[in-house]
Amino acid sequence: MLRLLLKRAVHSFFLITAVVSVVFLTTFVIGDPVRALLPAETPEEIVEKYREERGFNRPVLVQYIDYMSHAFVGDFGDSWWQRTPALPIALRPLPATFQLGILAMTLATSLGIPIGVYAGMKPGSWADRLATVTSLLGVSMPLIWLCPMLAFIFAVTLGLLPTAGYGSWQHMVLPTIALAALPLGRIVQITRASIIDELVKQYVTTARAKGLPYRRVLVQHVLRNALLPVITVSGWEFVLVVSGYTIIVEAVFGWPGVGWMLFSAIRIRDVPLLAATAFVIAVVVVAINFAIDILYIIVNPLIRYE
Amino acid sequence: MVSKREFKRKAVLSRREFLKLSAAGGGSLAVTSGLGGILLARTAPVFAQGDSNLVAAVGAEPPSLDPQAIEQRIPQMITWNIYEPLIDRDEQGLPIPWLAESWEQIDDTTMRLKLREGISFHNGEAFNADAAVYSVNRIVDPELASQWIGVVGTIKQASKVDDMTIDIETHDVDPILLGRLTALAMMAPGWTQEVGDEVSSTTNGTGAYKLSNWHRNVQVELESNEDYWGGAPSIKSATIRIIGEDSTRFQSVKTGEIDIYLGPLPDHLPELPKFEAPLAQEFSMVRLSNLEGSRIGDPRVRQAMNYAVDKELILQQLHAGLGTVSPGQLSAPGMFGYNPNLAPYPYDLDRAKSLLAEAGAEGLEVDYVGPKGRYAGDAILNQAIAEMLEQAGLKVNLNLLDPQSWVRFGDRNQTPVPPSCWYLVHSNSLFDADRTVSSYYTDESPFSAYHNDEIRTLFEAGRVELDVAEREKIYHRVFELGREDPPAIFMLQLVDLWALTERTQFKPRADGRFIIRTMSL
């Protein structure tokens with residue numbers, strides 16, 4: 001276990017370093033960050049002055065080493081936009097994103113697993129078909145369409161919920177549904193497929209033949225094995241929810257989370273803030289993957305990680 | 001052994017078991033929603049609007065509320081309700097006394113201003129000569145690195161004459177100092193020095209509103225200053241919400257969750273409850289080069305290009321009819337120096353062709369660089385212009401570039417021989433022809449690609465002319481000359497677009513400032 005943790009930590013370190021390096025390359029090297037920062041009509045002397053002040057006139061390798069050595073201690077420089085350290089600004093919206101992400105994943109798993117199990121036990125039945133079609137719908141609806149549609153139906157037309165914002169439970173409903181749609185669809189599909197696979201395995205037949213009650217076979221053996229891929233998918237979906245889907249959902253519903261911060265940082269071309277936000281997201285992704293690995297061991301003691 | 005088929009038949013979860021599973025799912029769902037509710041219980045719901053609370057939406061969080069550091073539209077929508085300038089503008093954009101009651105030019109580089117008495121900052125500090133001197137000197141201090149420096153950079157320093165009088169000294173003769181002072185917010189010296197860096201997140205002005213709460217990334221809340229020197233405002237509180245998406249702002253104004261926002265998309269106009277579209281000092285143009293190396297140095301070619309473009313059609317089809325055709329100059333009523341005697345170039349394809357023939361420029365190849373993604377609908381707009389130029393008989397090499405590369409082509413420091421045509425929108429926040437003329441009628445700025453000896457001489461005279469009538473005459477002449485030797489295809493004067501709910505009474509100002517005290521619900 002300790003070796004695993006150590007190995008993982010080294011892994012994570014390289015992964016995060018790679019992410020930060022890519023951000024450096026794309027934003028500092030490709031394109032002129034100073035030109036992007038200043039208004040179009042800024043005189044050349046002022047552009048030069050900025051370049052010098054911010055060290056953009058130094059060789060790229062020197063800039064890179066300097067940048068990375070600061071990044072390792074969490075110093076991404078001051079946000080060009082707010083003129084205060086970028087990392088605290090990037091961390092500020094994290095709780096709001098987790099709030100939404102955890103809620104959406106709870107909704108997706110608590111509905112998706114039972115539906116998937118039920119559909120998997122009766123493949124071909126009307127209930128199974130309904131579940132399959134609905135989950136396909138959830139998987140294939142693009143968020144950029146789904147979010148405005150939800151707002152249009154429930155806020156503009158029916159007037160039941162606010163269109164956007166943060167502050168009451170009503171504000172959480174639409175973004176949660178939008179965020180949960182995709183993971184829900186995938187979880188239903190994977191659970192169903194996994195249950196179907198497990199049910200025809202030899203050990204089920206053996207257990208049944210030995211007279212073990214069906215319910216015990218299902219809950220203690222089948223479900224336990226079938227849930228392994230479900231955990232993988234759920235974990236992966238959670239990563240996507242927190243680091244990907246939220247960019248659209250938070251922008252549309254005015255939710256003050258990390259995705260929205262990333263969107264803003266790109267739009268206002270705030271390079272240090274963008275780098276800090278990418279770093280925060282990378283750390284979150286690594287942490288979630290870590291948690292999934294540990295969950296694996298708990299669910300399936302066969303996995304030892306040599 | 002049980003066959004597969006038999007097994008499947010049996011392998012059905014009983015209804016009771018299914019119900020149990022679902023109940024477990026539902027239970028955990030209830031727990032999370034409960035948790036969510038508790039987490040959020042500390043903030044009040046915001047989607048029901050009170051009678052005297054105005055809700056505005058902006059697309060991004062303000063970077064700072066220091067009115068002297070940041071020159072950006074979004075923070076200004078907040079700060080000009082809290083802080084005030086020495087000189088303000090009336091609805092037409094002309095300078096009027098504000099925190100300064102009167103002024104006189106005492107020599108070429110010094111203006112003396114008499115301050116209004118009996119005004120205090122929100123924290124009780126008095127507004128007097130010390131405060132005004134401090135504020136002027138603070139904004140030009142390189143230490144602050146103010147974004148306003150392009151506007152107020154001509155100011156050297158301020159000094160106190162007596163308790164209610166100050167002198168402002170400029171580096172050079174500055175005929176448009178009054179206009180510059182409208183950009184200079186008055187701050188309280190004691191408070192500003194005391195709060196230090198907090199000046200970006202707290203406020204203390206003389207204005208009709210005070211900051212009551214800034215919920216980061218969510219909204220900024222203002223409350224009325226009941227002791228405001230101009231009388232308490234009718235709207236008692238205002239919320240400026242941060243909503244990044246165009247379509248969400250649009251839907252929120254339809255449901256009445258927000259009352260006003262700047263810049264709805266033209267597509268959304270027909271469905272808005274109400275909107276205002278005042279003309280702004282913003283001009284779309286295709287900059288034409290006559291500098292060395294240019295293929296269109298002959299003024300007749302540039303005139304022909306002006307005749308060849310159907311501005312009216314573009315206005316109706318691509319700008320939803322909002323705006324007006326530029327009157328043969330990069331200026332319009334409301335800008336000092338505007339020449340009322342000039343008319344727009346009419347759309348006249350035959351005239352364009354004959355001018356090109358005269359100049360021997362039929363089939364001439366011209367480079368055209370336009371932005372893609374810098375202005376709404378810019379790609380299609382530039383394609384339309386290029387197409388019209390081709391119809392007149394030019395061969396246009398159209399290059400639509402991402403905004404960063406596009407800027408590089410406009411900057412002579414990076415592209416020494418400028419492209420013949422370069423599309424942009426020019427905005428003049430100073431309301432004075434000097435700003436526009438220096439940028440596009442001379443080669444003063446790296447972003448201009450034009451030179452005309454006579455205009456250059458006039459421009460230099462205008463810079464140091466303090467006599468208002470004389471100065472106006474100079475610019476009249478500049479624009480007249482510029483119509484005959486065009487520095488651009490004069491396209492359109494554009495609008496500032498505001499989306500409103502029915503209940504919101506709002507009269508936009510010429511300078512585009514968002515002043516809540518002048519509004520009502």
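User: Which residues of chain B are linked in a network of salt bridges?

Analyst: A salt bridge is a side-chain nitrogen of Lys or Arg within 4 Å of a carboxyl oxygen of Asp or Glu. In this predicted model, such a network links Asp434(B), Asp443(B), Glu444(B), Arg456(B), Glu460(B) and Arg463(B). Over all chains the rule gives 33 salt bridges.

User: What conventions apply to numbering and confidence?

Analyst: Residues are numbered from 1 along each chain as its sequence is written, while chains are lettered from A and ligands numbered from 1 in the order in which they are written. The model being predicted, local features need pLDDT of at least 70 and side-chain atom pairs count only at pLDDT 80 or more, whereas totals for chains, interfaces and linings use all residues; side-chain values use heavy atoms, with hydrogens and water left out.

User: Is Asp496(B) buried or exposed?

Analyst: Buried means under 20% relative accessible area, exposed over 50%, and partly exposed in between (1.4 Å probe, protein chains only). Asp496(B) counts as buried because its relative accessible area is 9%, while Arg73(B), at 35%, is partly exposed.

User: Which residue forms a salt bridge with Glu237(A)?

Analyst: The partner is Arg186(A), with closest N and O atoms 2.4 Å apart. Glu237(A) is in helix H11 (residues 214–253) and Arg186(A) in helix H9 (residues 169–199) of chain A, 51 residues apart. Glu237(A) is buried at 0% relative accessibility; Arg186(A) is partly exposed at 31%.

User: Which residues make the nonpolar surface patch?

Analyst: Patches are made of residues with over 30% relative accessible area and no salt bridge; like charges are joined within 9 Å, nonpolar side chains (Val, Leu, Ile, Met, Phe, Trp, Tyr) within 5 Å. Here Val10(A), Phe13(A), Phe14(A), Phe72(A) and Val73(A) make a patch of about 550 Å². Helix H1 (residues 2–29) of chain A gives the most, with 3 residues. Val73(A) lies in the loop between helices H4 (60–72) and H5 (86–91) and is exposed, at 66% relative accessibility.

Terms used:
Accessible areas come from the Shrake-Rupley method with a 1.4 Å probe; for residues, only the protein chains shown count as cover. Helices (H or I, at least four residues) and strands (E, at least two) are DSSP runs, numbered from the N terminus.
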